[in-house]
Amino acid sequence: MLKRNITILFVTVCTIVSLSGCGRYKIISTGNEKLANAVYNDDTVSLAAYTGLEAAKKNYIVTDEALNRALREDLSDFTDYKTVTRASKDGDIVCIDYTAKIEGETYDKDNDYSFILGDHEYGVSFDQKLTGVSAGDELVFSLQYDEDYSDMDFAGNTVDYDIRVKEVQEIVLPDTTDEFIKSNFDYNTYDEYIKALRNNLEKDYALESESELQESLLQQVIDASRILQYTKGEYEDAYTDVEASYADYAQMFGTDLDSIYESFELTEDDLEQEAMDLLSRTLVIHAIQKSEGFELTDDEYKQGIAYYMEQEEYDSEKEFLKDYSEDEIRRQLLEDKTLRFLVENAHITEIEADYEDY
């Protein structure tokens with residue numbers, strides 16, 4: 001998909017002049033008043049200041065651990081897995097039965113769950129607890145997670161774990177000689193291959209960092225602005241897009257939508273809030289575009305297609321345009337232009353960070 005998934009995140013916004021009554025064009029008022037210091041107002045949004053904002057940009061470091069993880073993934077088709085009786089160490093696969101509780105209530109439970117020590121899937125401290133264990137070991141421990149931990153349910157909470165180790169496996173990678181690399185990848189030497197792998201990670205991290213920065217700035221504007229009204233159809237479109245995003249998860253994991261909702265512990269209220277958040281995002285972006293008079297030139301459109309094709313690894317423009325319509329592409333390019341504008345007109349502090357902390 002294109003960046004931020006144009007077919008899922010974009011909500012078509014209609015210009016309503018004076019329509020009311022039933023159907024998709026029914027106007028729903030939020031009851032919000034216009035901001036006294038708004039930089040732009042229309043019937044839909046009272047827009048807060050969107051220039052001169054402040055934010056931190058995380059420049060993610062490609063660590064040795066990250067490079068090794070990417071290497072393991074790249075070599076997965078050539079990898080063997082050997083069950084061992086020794087104690088577990090960094091880089092091993094550990095298979096466990098576990099229960100995780102928060103405030104005495106079971107948050108998660110799974111049998112035959114496997115993870116790689118060093119990937120920090122449940123944090124560094126969790127991996128440390130599972131280092132040096134063998135099949136048959138049983139562990140009971142608690143971990144306190146920081147407020148900014150990536151899993152919002154764990155963040156700021158103490159999680160109680162009850163674990164039984166079932167198996168420890170050693171990951172046996174192939175002998176990555178120059179000959180092996182040349183035979184199986186588009187590189188002549190191992191060093192050339194590793195350099196390319198690192199460069200690809202750096203590019204991915206840079207894109208993630210930029211996207212995170214843009215969304216942080218946009219969220220500041222959304223939080224400070226006020227949505228005045230929207231149409232029933234706009235909300236329905238947003239709700240449909242939220243459902244579509246979870247339907248993609250369901251397809252990915254080979255299950256149905258209800259099972260995904262249950263897995264994420266989503267209620268109808270949660271889905272409605274996500275739809276409203278998505279709609280607010282779209283309405284604020286459109287308000288900024290109207291305030292600035294943003295339009296898309298033909299050259300920007302052509303350059304945008306080339307960029308998206310490169311990002312999504314399309315070889316043929318014809319095939320690309322089969323998957324995305326011109327309207328979808330133009331809307332996404334205008335959104336990208338708007339988000340870049342926020343960054344260009346903000347005060348940014350750059351900091352280094354490990355991607356694992358993201």
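**View 1. Length of helix α9 in the predicted model.** Helix α9 covers residues 298-311, helices being DSSP runs of H or I with at least four residues, numbered from the N terminus. The expected span is 1.5 Å times one less than the number of residues. For the 14 residues of α9 this gives 20 Å, and the end C-alpha atoms are 20 Å apart, so the two values agree. The model is predicted: local features need pLDDT of at least 70, side-chain atom pairs count only at pLDDT 80 or more, and totals for chains, interfaces and linings use all residues. Residues are numbered from 1 along each chain as its sequence is written, and side-chain values use heavy atoms, without hydrogens and water.

**View 2. Buried side of α9.** Tyr301, Gly304, Ile305, Tyr308 and Met309 are the buried residues of α9 (buried: under 20% relative accessible area; exposed: over 50%; partly exposed in between; 1.4 Å probe, protein chains only). They lie on the same side of α9 because their arc around the axis is only 130 degrees, taken from the directions from the helix axis to the C-beta atoms. These buried residues pack against α10 (317-323) and α11 (326-344), where contact means heavy atoms within 4.5 Å.

**View 3. Exposed side and end of α9.** Asp299, Lys302, Gln303 and Glu310 are exposed on the other side of α9. Glu313 follows the helix and has a positive phi, near 60 degrees.

**View 4. Whole chain, for context.** The protein chain has 11 helices and 12 strands, a strand being a DSSP run of E with at least two residues. Of its 358 residues, 39% are buried. The C-alpha trace spans about 75 × 55 × 40 Å along its principal axes.
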